[in-house]
Amino acid sequence: MRLRYEFTIMDMGDEFAAVPVGEDASKFHGMLKMNAVSADILEQLKEDTDPATVHKYLKEKYPDSTDDEIGNALAPFLNQLLKENLLID
Amino acid sequence: MKRLTNPELKVIRFASEDVIATSLYYAPSAAFNAINGTSFTSDFVEFEGSMTSYDPAAGGYSVSNIYNVKAANNDDIDGLKSGGSWVVPGVGITIDMSSMAPVARQSYNAYSYEGGLYTNGVTYYDTYWQ
Amino acid sequence: MIFNISVAGINIGIESIYDAVYEMCSKYITDSEPDFVVSVTGSDIDFERQKSISEAKYEGRPCYNYAPEYLETLAVYRKIATGLLYYEAFLMHGSAVALDGKAYVFTAPSGVGKTTHTGFWLAKYPDAFVINGDKPIIRFINDRVFVCGTPWSGKEQINTNAILPLKAVCVLFRGEENLIEPIEFKRIFPLVLGQIYRPSDRTAAEKTLSLLKKFGESVEFYTMNCNLDPDAARVAKEGMNYE
């Protein structure tokens with residue numbers, strides 16, 4: 001599982017923007033607006049990975065969240081990326 | 001306390017793919033390919049009609065008996081008003097609109113702050129004339 | 001044809017197949033040695049043809065059979081826009097108007113009314129002039145932002161060979177009443193990004209984003225709802241100069 005397009009992630013202050021670069025910029029004519037957590041997850045998805053590995057990464061970074069809380073946040077986010085055709089499964 | 005906040009993401013699609021290709025452009029040397037009784041197409045207006053030869057006093061050519069006029073956006077439509085005339089820039093063609101009336105309108109939506117297409121409750125029209 | 005032009009304070013050599021681009025650049029011709037050179041091949045023209053078809057389909061409008069001479073002018077500008085990035089300059093889709101020694105850029109997707117709004121400025125303010133009615137160059141010079149005229153100025157072909165400091169960028173929307181408001185760059189960033197040239201080359205794209213971020217930090221941004229009342233020009237000008 002990884003991002004379909006190559007993105008550059010920009011810190012805009014209190015939010016982040018992901019803009020496609022390289023040849024992918026001619027395939028995805030848009031950008032992503034997101035918060036810091038989304039930007040962090042997107043960074044993890046730049047290389048081939050899987051939901052369990054991302055889950056583990058978030059668990060280590062946010063030790064006060066339960067597995068359920070992380071799962072309930074991560075699953076819809078990954079589904080949104082899939083639905084928007086931004087993720088290669 | 002290190003708790004995960006919900007990831008938020010919004011996908012925004014641009015109004016154009018490529019800003020170099022986005023603007024409609026009239027290239028006079030290329031667009032003027034009409035002869036009497038056949039169709040004429042410029043880069044932003046299309047119609048059929050009859051054309052006179054170049055008249056220096058009138059400042060260009062005049063085209064009459066126009067029908068099947070189509071224009072791609074409202075900026076171009078501004079010049080196309082029933083009862084008036086419109087000079088095609090670059091080659092000086094004057095289009096006599098006096099016998100024409102609008103026949104069709106196609107709506108399009110305005111663009112949001114986000115750059116994507118959305119409906120804000122106000123509808124704008126492209127007008128087709130005949 | 002082989003000739004040199006000066007745009008945004010940079011000398012650019014152009015090697016073209018057709019003469020149309022030379023005719024278009026007549027106000028910008030220079031004898032000075034070029035800082036960089038762009039040359040066009042048949043495949044560049046084919047690329048522009050494909051782009052124009054693709055763009056028309058994306059925007060849901062008819063695509064016309066553009067002449068190769070016209071497509072070559074786009075190919076030249078695309079290469080120039082990429083080359084200028086390394087001189088701290090980028091191409092923006094918008095109408096740039098000058099008044100009292102300052103430039104104002106109005107941007108919006110095609111068809112919203114940049115040209116109409118520009119016309120209102122020219123009618124209301126006799127000393128106003130158009131720097132570029134379609135695709136000006138924005139350049140940082142000693143950390144100040146300037147708007148530069150270029151020959152590539154849309155179907156009306158209205159442009160002035162001038163470089164002026166940028167006062168503000170105004171994003172236009174159609175509305176029932178004329179109303180202008182300042183806006184934080186980060187809120188309008190997606191729309192502005194959508195109106196600048198985004199090259200596909202990775203290095204050039206990242207350079208573009210870096211310049212855009214600097215642009216956001218250096219310039220005032222406004223949004224304006226405008227109707228077909230010519231008073232829109234006064235509302236815009238006063239709104240962008242409100243102290």
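Visitor: Which residues of helix 4 of chain C meet helix 7 of chain C?
Guide: This is a predicted model. On the side of helix 7 of chain C, the partners are Ala232(C), Ala233(C) and Arg234(C). On the side of helix 4 of chain C, they are His117(C), Phe120(C), Trp121(C) and Lys124(C).

Visitor: How many nonpolar residues does the contact of helix 4 of chain C with helix 7 of chain C hold?
Guide: Sort the residues of this contact by class. Of these, 2 are charged and 1 is polar. The nonpolar residues number 4.

Visitor: Are helix 4 of chain C and helix 7 of chain C roughly parallel or roughly perpendicular?
Guide: Helix 4 spans residues 114-124 of chain C, and helix 7 spans residues 232-240 of chain C. Their axes lie 8 Å apart, at an angle of about 85 degrees. Angles of 65 to 115 degrees count as roughly perpendicular. Therefore helix 4 of chain C and helix 7 of chain C are roughly perpendicular.

Visitor: At what angle do helix 2 and helix 3 of chain C pack?
Guide: Helix 2 covers residues 42-59 of chain C, and helix 3 covers residues 68-84 of chain C. The two are roughly perpendicular to each other. Their axes are 8 Å apart, and the angle is about 95 degrees.

Visitor: Which residues of helix 3 of chain C make the contact with helix 2 of chain C?
Guide: The residues of this contact divide into 6 nonpolar, no polar and 4 charged. Helix 2 of chain C brings Asp44(C), Ile45(C), Phe47(C), Glu48(C) and Arg49(C). Helix 3 of chain C brings Pro68(C), Leu71(C), Glu72(C), Leu74(C) and Ala75(C).

Visitor: Which element gives the largest share of the side of domain 1 of chain C that touches domain 2 of chain C?
Guide: Chain C is divided into domain 1 (2-87) and domain 2 (89-240). Their centres, taken over C-alpha atoms, are 21 Å apart. In the contact, 14 residues of domain 1 of chain C face 18 residues of domain 2 of chain C. The largest share of the domain 1 side is 5 residues, from helix 3 of chain C.

Visitor: How many nonpolar residues are on that side of domain 1 of chain C?
Guide: Here 3 residues are polar and 1 is charged. The nonpolar count is 10.

Visitor: Which residue of chain B stands opposite Leu32(A)?
Guide: Strand 4 (residues 30-34) of chain A pairs with strand 1 (residues 9-13) of chain B. The pairing is antiparallel, over 5 bridges. Opposite Leu32(A) stands Val11(B).

Technical notes: Residues numbered from 1 in each chain as written. Chains lettered and ligands numbered in written order. Predicted model: local features only at pLDDT ≥ 70, side-chain atom pairs only at ≥ 80, totals over all residues. Axes fitted to C-alpha atoms, helices over the stretch in contact; angles between N-to-C directions. Helix = DSSP H or I, 4+ residues; strand = E, 2+ residues; numbered from the N terminus. Parallel < 35°, antiparallel > 145°, perpendicular 65-115°, else oblique. Contact = placed C-beta atoms within 7 Å. Nonpolar A, V, L, I, M, F, W, Y, C, P; charged D, E, K, R; others polar. Pairing = 2+ DSSP bridges. Domains from an automatic or database assignment.
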